[in-house]
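Follow the aromatic side chains through this model.

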Amino acid sequence: MEKEFNLFASKLRMVTLQKNEIWEPMERVAHQIGFVNQGVLRTYYLKDGVEFIQQFYAEGTFMGDYLSYQNQTPSQTAT
């Protein structure tokens, strides 16, 4: 189990986002899943040019467009 954990841990990297910085943009295939260590992130989509918040991610949660990541399809949301 330690070997598997070390392999997993070797793939992790710390990313710091600035306020209003986009983690994963719309209409692109998601290539990463994140963990919110500090702060709050949101997922939103656009409809007729209007922004609608889909979900908030609080500290201690994983975040990202899981369907896009898993299915390798373009994301309909931005995080």
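Y45 has a relative accessible area of 32%, so Y45 is partly exposed; buried means under 20%, exposed over 50%, and partly exposed in between (1.4 Å probe, protein chains only). This is a predicted model: local features need pLDDT of at least 70, side-chain atom pairs count only at pLDDT 80 or more, and totals for chains, interfaces and linings use all residues. Residues are numbered from 1 along each chain as its sequence is written, and side-chain values use heavy atoms, with hydrogens and water left out.

F52 is also partly exposed, because its relative accessibility is 36%.

How many aromatic pairs does the structure hold? There are 2. Rings of Phe, Tyr and Trp (its six-membered ring) pair if their centres lie within 6.5 Å; planes under 30 degrees apart count as stacked, over 60 as edge-to-face and the rest as tilted. The rings of F35 and F62 are edge-to-face, because their planes stand at 65°, with centres 5.1 Å apart. This pair links distant parts of the chain. F35 lies in strand 1 and F62 in strand 4 (residues 62–63), 27 residues apart. Strands (E, at least two residues) are DSSP runs, numbered from the N terminus. The rings of Y45 and F52 are stacked, because their planes are at 20°, with centres 5.5 Å apart.

Now return to F35 and F62. Is F62 buried or exposed? F62 counts as exposed, because its relative accessibility is 53%. F35, at 46%, is partly exposed.

Notes: Helices (H or I, at least four residues) and strands (E, at least two) are DSSP runs, numbered from the N terminus.
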